[in-house]
Amino acid sequence: MESVIGGVLGAVAVLAGATVFVVNSMARATYSLLVSFLAVAAMLVLLGSTYVGFLTVVMMTVEMAIMGVFMLMYMMNPAGLMPMSMRHNTRGALVLSVGTFLVLSVGVFAVPWPGRQGKPARDVTYDLGTALMGRHMLTMIVIGTALLATMVSGVMLTSARGRYDRYGDELDRRPPTDPVRGGVGR
Amino acid sequence: MLTFGLLPVSDQVSVVGALLLPVLLAGLAVVAAVASTGFAAVAAGRRVTTIELVGPLREGLRLLLVRRRTTLHPDALLWRIGGATVFVSAVLALAVVPIGDRAVVPSAVGIVWFNAVEALLWAALWLTGWGANSATGLVGGYRFLALSLAYELPFMLVLITAGIRGASLDPVVVAQSQTGLWSVVLMPVAFVVYLVSAVAFSFWGPFSQPAAGDAAGGVLAELSGVDRLVVVLGRYGWLAASAAMSVPLFLGGGSGPVLPDLAWQLFKTLVVLLALVAARWRWPLVRAERFAEIAWLVLLPAVLLQALVVAVIVL
């Protein structure tokens with residue numbers, strides 16, 4: 001039963017991923033990619049890793065919703081309301097993607113997977129974390145925070161409007177000139 | 001056999017419960033709609049009449065029966081998926097809320113599930129706005145995304161804070177951990193932010209800008225007939241599901257004197273639901289860009305501090 005559901009979900013994931021390049025609307029492309037990710041999330045749940053599965057739903061839905069906005073914004077036609085295709089460099093891309101798919105599929109069957117030893121873990125999320133990170137857990141937590149700080153500073157540095165634009169050259173303009181007033185009355 | 005996170009067989013999904021869930025949610029949604037009509041009359045200083053209170057039911061029947069309008073070149077597939085997801089995600093949210101001492105879909109990470117189906121609203125509302133191929137609908141969809149960027153992070157931290165109390169992401173365990181002291185006493189800030197977020201992701205009242213009149217109804221502008229019914233039911237349904245979830249997370253679950261657990265749980269759910277509905281008639285509309293600053297500069301630090309306080313107390 002589980003392997004049948006797993007197989008169906010796998011097929012949905014692959015086909016929805018391929019649909020991205022078939023449909024002619026940016027909205028449909030974005031959301032068929034989301035369907036693909038949601039199928040992968042469901043597979044994680046099926047494997048017993050519910051926490052990671054549900055988290056994938058949160059991450060991917062939110063990410064695709066925002067990405068859709070940018071996809072439409074940077075399209076060649078205004079507002080994304082005209083049909084368009086996601087295909088570029090058709091032949092090369094086809095060779096690469098089919099090749100990658102074949103290599104990975106062959107890998108699934110070629111790798112001598114170890115048989116199960118002992119009982120399934122009680123807390124899959126914890127065991128997955130320890131298996132992935134091992135002794136480097138603390139290091140990775142620190143690096144994660146550093147990455148977040150880098151992202152925030154990156155956004156701040158690229159922001160077109162800094163404090164001198166808002167508060168004036170002497171930083172003494174109150175209230176600041178903002179194109180849109182914020183909610184806390186700064 | 002599906003094991004859903006290695007739970008014992010006795011904790012499996014109850015099929016009868018799963019079939020009854022949409023009915024239960026629709027029932028609570030109707031209660032919310034009727035209450036809203038009542039509050040509207042009170043806010044206008046009129047006497048509440050019975051005819052007025054059955055208005056939402058009549059409107060629901062009308063929407064079921066009328067033929068739906070369509071627009072020029074809609075993306076019908078995405079439009080319908082978006083609208084249906086608003087209601088379906090609310091049902092899925094209610095599925096992990098413990099009714100009595102177990103949820104219809106018991107999960108050791110039910111709180112994360114609640115968050116995950118709430119995130120589906122981001123896609124659902126934008127698709128509802130996009131699908132109609134109408135400028136006002138799309139404006140509404142974009143407004144909801146702007147609103148989501150404001151409420152989502154504080155909301156996630158609120159859920160985590162509630163989980164810290166019970167040292168678990170299972171709503172049943174979190175509810176049971178509140179013997180003696182309800183979480184709302186321990187974490188009032190988190191409770192308030194939870195209610196604010198619930199009103200926000202239900203695009204209700206002060207946060208109804210995605211469906212506001214200045215955009216001719218926004219995401220709801222082009223919806224008619226059964227499509228509109230599904231989205232409006234889903235909106236009230238989300239208010240109801242969040243009210244139901246607030247009981248195990250903050251209000252001690254079914255605990256209370258004399259009456260059985262289920263009665264207390266229903267009573268608390270209805271009180272919170274009425275409070276959420278009343279927000280529409282109490283507070284003015286907040287624009288998404290203004291709320292963004294409030295959320296990031298006030299709510300987020302406040303909830304972080306709340307999480308810290310709760311973590312220190314619990315440890």
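Helix α3 of chain A, residues 50-73, packs against α5(B) at an angle of about 20°, and the two axes are 8 Å apart. Please keep in mind that this is a predicted model. Angles under 35 degrees count as roughly parallel, so α3(A) and α5(B) are roughly parallel to each other. Their crossing is left-handed.

Which residues of α3(A) and α5(B) make the contact? From α3(A) come Y51(A), F54(A), L55(A), V57(A), V58(A), T61(A), V62(A), M64(A), A65(A) and G68(A). Facing them from α5(B) are V112(B), W113(B), N115(B), A116(B), A119(B), L120(B), W122(B), A123(B) and W126(B). Sorted by class, this contact of α3(A) with α5(B) holds 16 nonpolar and three polar residues, with no charged ones.

Now let's step back to the whole contact between the chains. Chain B contributes 30 residues and chain A contributes 26 residues. On the chain B side, the elements that give two or more residues are α5 (110-131) and α12 (288-314). Of the elements there, α5(B) gives the most, with 11 residues. That side of chain B divides into 22 nonpolar, four polar and four charged residues.

Leaving aside residues up to four places away in sequence, L94(B) touches L21(B), L24(B), L25(B), A241(B) and A244(B).

For contrast, here is a helix pair within chain A. Helix α1 (residues 2-19) and helix α2 (residues 26-46) of chain A pack at an angle of about 160°, with their axes 7 Å apart. Angles over 145 degrees count as roughly antiparallel, so α1(A) and α2(A) are roughly antiparallel to each other. α1(A) passes α2(A) in a left-handed crossing. Residues of α1(A) that meet α2(A) include I5(A), L9(A), V12(A) and A16(A), while L33(A), V40(A) and M43(A) are among those on the α2(A) side. By class, the contact of α1(A) with α2(A) has 12 nonpolar, six polar and one charged residue.

Conventions
Residues numbered from 1 in each chain as written. Chains lettered and ligands numbered in written order. Predicted model: local features only at pLDDT ≥ 70, side-chain atom pairs only at ≥ 80, totals over all residues. Contact = placed C-beta atoms within 7 Å. Helix = DSSP H or I, 4+ residues; strand = E, 2+ residues; numbered from the N terminus. Nonpolar A, V, L, I, M, F, W, Y, C, P; charged D, E, K, R; others polar. Axes fitted to C-alpha atoms, helices over the stretch in contact; angles between N-to-C directions. Parallel < 35°, antiparallel > 145°, perpendicular 65-115°, else oblique. Left-handed = near helix turned anticlockwise from the far one by under 90°.
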